[in-house]
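Subject: Structure handover and findings

Hello,

Here is the structure I promised to pass on.

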Amino acid sequence: MNRSDAPEMILVLDFGGQYNQLIARRVRENHVYCEVHPHTLSLAQIRELAPRGIILTGGPNSVYGAGAVTAPRELFSMGIPVLGICYGAQLMAHLLGGTVETAPTSEYGRTEVDIVGTDSPLLRGIPAKNVCWMSHTDYISAPPAGFSVTARTSVCPIAAMEHASRRLYAVQFHPEVMHTEHGTEILRNFVYNVCGCTGTWHMGSFVRKTIEELRERIGGGRALCALSGGVDSSVAAVLLSKAIGRNLTCVFVDHGLLRKDEGDEVEAVFGSSGTYDVNFIRINARERFYKKLRGITEPEEKRKIIGAEFIRVFEEAAHEIGAVDFLVQGTIYPDVIESGLGKSAVIKSHHNVGGLPDHVDFKEIVEPLRLLFKDEVRAAGRELGIPDDLVDRQPFPGPGLGIRIVGEVTAEKVRIVQDADAIYREEIANAGIQRGLGQYFAALTNMRSVGVMGDGRTYDYAVVLRAVATSDFMTAEAAQIPWDVLSKVTTRIVNEVRGVNRVLYDCTGKPPATIELE
């Protein structure tokens, strides 16, 4: 992100939780610039950044445990407002003389919370009874001296506390997660009521400054953009095109794992007759990828193979077009956080993050969208004038159908999932319900079961349909697709897709599942 034109900034200190970048995203939604830094940032570095406020994130440790990550006690005496969230709340209590211990009853997921500090600047306007998102096994059993309790649950006596005169605030729950009913308002209260921000940062400034920085960074060099045709890589490509023009070459690798007819659609947009004046190369590498994936069933291994092979293909393309110093990728933050950032757990390696090989034959990898969430990428795309039909395109993972086919990838399985997915997307569009869905797709399980078709026995595959409602792709709920739509999709898939005799619907949210199957 860019802060040179942001006169007010909120600093997030990262203690290793899964939702940490969501905090920055919620702050930016309020048009206040926000940066995430490791908790090891020194007091001198914090003063140099001159934040209007500091937010301490969640994390996996116990504050009283051996090797627990911590912060200097002086952080709370700098005169800068501080908000502790979950682990950050416990750390504040622990360092300032309160008591943190193992909770008699852990709290996970949706939890009813009672607001008792109605005059709190942090909780102003929040209903006395509402729902929050909890995820903790420790709790604050006694607050530090001078702190007052402002919220509680049936099993957590200090769900929120504050020392208003010192502008120190803490919440045990996660306001950054959308399942906390009034979490956005709580963070807005902190940013505006406590920190005194006015809201001067907008996506337009991100786009403008990013183009300037890319132009300065790359100069007269040449860049190769790994273009998938999805939203992320397309926005990255247009950013680079505006920064360096024809010094950008977009390489589209058709790895045979795309949705039905998608390769031709990508070429129609970015090719010689398309909208954008870029160098465009399409490489048909289907058999090459299928050969590499033959016999491979483990999801992480598939991702790493696909990621490594992408890089090798890009390197070969770069050698053919001449000296290329920069590889451009459409990496966004959910890719980074799930692949393991700092002390965060690795959920799954993305082909453009954890799936990269140890050696890449480029001077630098450029990822201009690395700290943006999907909806922010779409907003950047609109700022760049990219048409809505491309900006609003359904997300598609870089490894493609390789991670929507459970088990070994074969040409036959790819055909099955392509045909089933095309039917599903067509009927979703016919029903007019696509706007309310964050992502929807068909995947192929490795389960085969007995069926009966035309008075005969079948032993074929089961297709699973998935649809989720989400804005940030860090958390999601299974969408409630109308039964008549699901019924029509099921009938068409079983009748029209050879090799399928059963259709399932995935009702699992994220967490505990991820959005993709693998």
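The notes below cover the sheet, the cores, the aromatic contacts and some backbone details.

This is a predicted model: local features need pLDDT of at least 70, side-chain atom pairs count only at pLDDT 80 or more, and totals for chains, interfaces and linings use all residues. Residues are numbered from 1 along each chain as its sequence is written, and side-chain values use heavy atoms, with hydrogens and water left out.

Sheet

Five strands make an open, parallel sheet, ordered 12-11-10-13-14. Strands here are DSSP runs of E with at least two residues, helices are runs of H or I with at least four, and both are numbered from the N terminus. Two strands pair if DSSP finds at least two bridges between them. Strand 12 (279-284) and strand 14 (364-366) are the edges; each has a single partner strand, so one side of each lacks a neighbour in the sheet. On average, neighbouring strands are turned by 25 degrees against each other, direction ignored. Axes are lines fitted to C-alpha atoms (for helices, over the stretch in contact), and angles run from 0 to 180 degrees between N-to-C directions.

Strand 10 (residues 223-226) pairs with strand 13 (residues 326-328) in the parallel sense, over three bridges. Leu224 sits opposite Leu327 of strand 13. Helix 5 packs on the sheet and touches strand 10, strand 13 and strand 14. Its direction makes about 165 degrees with that of strand 14. Contact means heavy atoms within 4.5 Å. Helix 9 (residues 299-321) also packs on the sheet, touching strands 10, 11, 12 and 13, and makes about 135 degrees with the direction of strand 11 (248-254).

Cores

A nonpolar core is a set of buried Ala, Val, Leu, Ile, Met, Phe, Trp, Tyr and Cys residues joined through side-chain atoms within 4.5 Å. Buried means under 20% relative accessible area, exposed over 50%, partly exposed in between (1.4 Å probe, protein chains only). The largest core has 123 residues; Leu75, Phe314 and Ile493 touch the most other members. Helix 6 (residues 231-244) gives the most to this core, with nine residues. Apart from it lies another core, of 32 residues, including Ile115 and Phe190.

Aromatic contacts

The whole structure holds five aromatic pairs. Rings of Phe, Tyr and Trp (its six-membered ring) pair if their centres lie within 6.5 Å; planes under 30 degrees apart are stacked, over 60 edge-to-face, the rest tilted. Phe15 and Tyr87 are a tilted pair, 5.7 Å centre to centre, with 45 degrees between the planes. Phe15 is in the loop between strand 1 (9-14) and helix 1 (20-29), Tyr87 in helix 3 (residues 87-95), so the pair ties together parts 72 residues apart in sequence. Phe15 is buried at 0%, and Tyr87 is buried at 1%.

Arg188 lies over the face of Tyr192, 4.3 Å from the ring centre. The criterion: NZ of Lys or CZ of Arg within 6 Å of the ring centre and within 35 degrees of the ring normal.

Backbone

Cis peptide bonds join Lys510 to Pro511, with omega about -10 degrees, and Pro511 to Pro512, with omega about 10 degrees. His31 has a positive phi, near 60 degrees, and is partly exposed at 35%.

Best regards
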